[in-house]
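Have the sequence and the model open side by side. The report below takes a sheet and then a pair of helices.

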Amino acid sequence: MSERSLTSQAGRTSPTPGWADPKPARVTFDEWQDLFERVPEELVEEYHYFPPNREAFSKYLFPPQTFAIYGMRHLRRLKYDNSLAALRMWGFVQNETERLFRARQLGRRVIATMGDLGAVPVIVNSFPDCIAFYPDCIWWTPFAMESRVLFDAAAELGIGDATCFSRAALGAFAKHSYFPDPDLVIASTGASCDDYSGVEQLVERFAPDMMWVEEPMRCDMGRMGPMGPMLVKEYERVVERMEKLTGHEITDDELRAGVRQANRVRKLVKRLRELAFREGAMASLEMMVVEFGNLHHYSDITEWPHVLEHLLATAESRAAADTPVVDKDALRVVWVTPPADPLLLTYVEDAGARVVGTEYVINQALEIIDEDKPPLEAIAESFMAASLIGTSKARAQSAIDQAREYRAEGVIISGIFGGSHCAMEGRLISDYVKAALDLPVLEFDVTSPSREIALQIGTRIDAFLEVLRSRR
Amino acid sequence: MKELLTPRERFGLLVIDEPQDRVPVFPLVTAHAARVARIPIRDYYTDGIAMARSQLAAQEFYGTDFISFFSEVGLVAEALGSRFSYPDDDLPLLAEPKWSELGELDDATADPMKDGRLRVYLDAISYAYEARADTVPILAYVPAPFTTAQQLVDQEAFLLGLLTEPERIHRLLEYATCSIIRFCRAIIGAGGLPILVDPLASGSVISAEHYREFALPCEAEVIRYLHRYDLDIVLHICGDTNPIIHIMPESGADLLSLDHVGLETAIAAAGDRCRIIGNFDTTAIMLSKPQEVADSVAAMVLAGKPCPRGFVAATGCEVPVETPPENVRAFVRAAKEAGANADWGARRRA
């Protein structure tokens with residue numbers, strides 16, 4: 001039995017009976033099946049989504065094999081952290097489609113929030129029995145399945161390959177089988193990704209109830225600037241619409257509680273980033289999943305923090321014992337824009353690098369929200385840190401700051417084939433980084449879903465890492 | 001007509017208790033796929049790539065909602081030492097069971113990578129998985145312990161042993177279960193969803209009492225193992241299941257694939273716990289005219305659709321090898337039409 005401690009579902013610190021994590025390592029799909037066979041039955045039974053619910057269907061501690069059988073073919077090519085906490089995280093995240101349908105079956109309201117990546121769910125989740133989710137995150141599904149099904153569905157509705165992979169969300173809306181039809185769609189647009197604004201407009205035909213929220217441009221006049229009050233008014237509209245939908249008049253205390261629960265997640269992730277980037281205590285693939293959990297907590301604000309606490313306990317333990325999961329001496333890179341194809345992260349780490357900083361266009365979701373201010377003002381202020389409502393220079397500055405802090409040796413910018421802002425700003429960010437730090441920068445576009453990464457991209461990554469090695 | 005959902009998406013909705021655009025359609029096309037691909041049946045069950053290509057061709061040709069790998073129920077028994085003959089253009093035949101009578105067991109466990117033709121299945125699953133698993137579920141029939149045991153020991157001795165030597169039978173079943181679970185594990189690793197098939201446990205062969213005492217616990221043990229992976233498990237028992245339909249859900253199966261039992265009876269007995277798969281007469285699909293097939297399938301689907309947990313339009317057993325393709329097509333077309341859920345789009349737009 002492991003003496004290692006972790007935080008249980010009840011929030012207490014307790015050992016994990018019958019399980020001791022093996023020496024930290026990134027393992028293959030097949031190796032995880034061997035490990036899973038050794039996981040005690042009691043642990044498979046222990047973890048449930050939507051706690052305190054204990055329905056049999058709500059278990060989620062299942063290995064990548066489970067989800068691969070249901071079509072997630074890419075899982076067979078990735079490498080995974082071999083800790084129980086990571087297995088738990090993967091099971092929880094992969095289970096989200098089912099979880100959303102079960103939420104509806106359990107009588108909860110399911111609200112699709114789109115475009116703003118992090119702010120509106122704080123408000124939605126403050127309402128009782130309401131669950132916010134981002135259809136935007138479906139953009140990973142074609143890669144996870146190695147499939148064009150959702151892209152083809154989007155193409156039939158008017159958005160083809162000249163648009164960002166986020167168009168998969170439109171295909172998912174059309175098919176009614178990736179998430180339940182939402183009770184309400186709250187679509188944010190404005191000073192943001194114009195590809196996705198197009199997707200949102202086409203989604204409207206599938207949404208019986210839809211509202212639009214304006215995202216302002218950030219000015220160089222302080223965080224809030226003149227646009228802050230406008231955004232607060234937009235959020236007041238969101239509150240009004242939610243009150244109308246639910247028949248529940250929300251109190252200031254409920255909104256503050258919503259802010260606190262979002263902050264709980266954000267603080268856990270902040271510490272995990274620190275441990276991953278400085279100590280190599282978590283690998284880049286798991287960390288990308290962790291960071292994106294800040295958007296909508298994978299549709300379960302109650303259970304996701306427990307998953308994170310489990311991960312954090314594992315990472316802290318590794319840091320204390322100086323047993324990283326990735327080689328601390330590996331080449332250190334900052335990654336700009338999330339790679340739609342997660343295999344790229346596995347490839348780069350296999351090639352001898354590790355990620356020590358990220359600018360995944362979700363800076364707004366990483367911000368700690370000020371708990372002393374009026375909630376809507378505080379949420380608006382945190383959103384004003386958003387990656388995509390400011391200049392490319394600001395995004396570059398975020399990458400530069402992290403590169404300095406964690407002594408990065410290079411920067412990788414993975415654009416999205418067809419993504420309009422990527423085409424515009426990749427070179428700009430590259431130039432800013434080179435000017436500020438004199439670091440090598442690799443810039444490429446992620447191509448369509450496939451079982452392997454394109455040979456040319458692989459070769460360019462290999463060559464880039466050789467350059468970094470030669471500079472040591 | 002192009003359909004909105006892929007078979008994968010449709011199946012995904014079925015297993016989380018959500019309505020689908022239409023009932024999934026699953027004539028059990030197994031070795032008949034060799035006819036579609038125009039290869040000898042012996043190639044189908046001895047060459048995994050040939051098996052996969054046949055199944056892929058048949059799935060595309062007929063527009064069914066599943067790919068399902070199966071040749072015969074002796075698969076695991078052969079891997080454990082029973083001897084089968086391979087006719088050129090027919091399915092394997094049990095030539096000599098491992099044991100002629102109930103006796104002492106060895107400590108063998110079948111190795112899926114080496115023994116018998118288990119590897120053929122794994123190769124087939126892997127190939128089909130890479131080809132089409134994003135859109136179509138890949139299923140693999142695994143003979144259950146009770147059926148496997150009857151391929152390990154002379155069948156007459158086995159059936160007599162149910163009455164005279166139950167302890168030896170139980171040990172033999174445990175012996176078979178070990179290898180079956182190991183095979184299931186390999187199938188999962190290859191990307192296939194195991195279907196447990198137990199035809200020799202049907203009411204045509206044994207009593208309900210013997211089913212409960214011997215077959216059911218082994219089915220339950222294998223299904224428990226598969227549920228550790230959160231897989232939705234089909235239990236297929238062809239033949240007469242009238243005497244056991246009410247206890248089959250105790251196996252833990254999520255879907256029951258049935259043959260000779262009235263759909264109303266099956267739904268009343270198990271439809272609140274399991275999705276029902278069934279159960280078109282396999283003689284009829286081979287010998288009837290296409291329009292007769294279509295009419296009967298439509299009636300079957302109308303009878304099955306009210307099943308509370310969901311219904312899959314299927315044949316009761318394998319589509320016979322020599323079934324005219326136009327009959328299978330008539331089956332699929334009629335099942336899709338009769339199984340359409342007219343409320344599906346409308347309900348969601350409302």
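## The sheet in chain A

Four strands of chain A form an open sheet with parallel pairing, in the order E10-E9-E11-E12. Strands (E, at least two residues) are DSSP runs, numbered from the N terminus, as are helices (H or I, at least four). Strands pair if DSSP finds at least two bridges between them. The edges are E10 (353-359) and E12 (441-446) of chain A, each pairing on one side only. From one strand to the next, the twist averages 25°.

E9 (residues 331-336) of chain A runs parallel to E10(A), and 6 bridges join them. Trp335(A) has Thr358(A) in E10(A) as its bridge partner.

## How the model is read

This is a predicted model: local features need pLDDT of at least 70 and side-chain atom pairs count only at pLDDT 80 or more, while totals for chains, interfaces and linings use all residues. Residues are numbered from 1 along each chain as its sequence is written, and chains are lettered from A and ligands numbered from 1 in the order in which they are written.

## Two helices in chain B

The axes of H4 (residues 48-62) and H6 (residues 118-132) of chain B come within 7 Å and cross at roughly 45°. Axes are lines fitted to C-alpha atoms, for helices over the stretch in contact; angles run from 0 to 180 degrees between N-to-C directions.

Residues in contact have C-beta atoms, placed from the backbone, within 7 Å. H4(B) contributes residues including Ile49(B), Met51(B) and Leu56(B); H6(B) contributes, among them, Val120(B), Tyr127(B) and Arg132(B).

Technical notes. Two residues are in contact if their C-beta atoms, placed from the backbone, lie within 7 Å.
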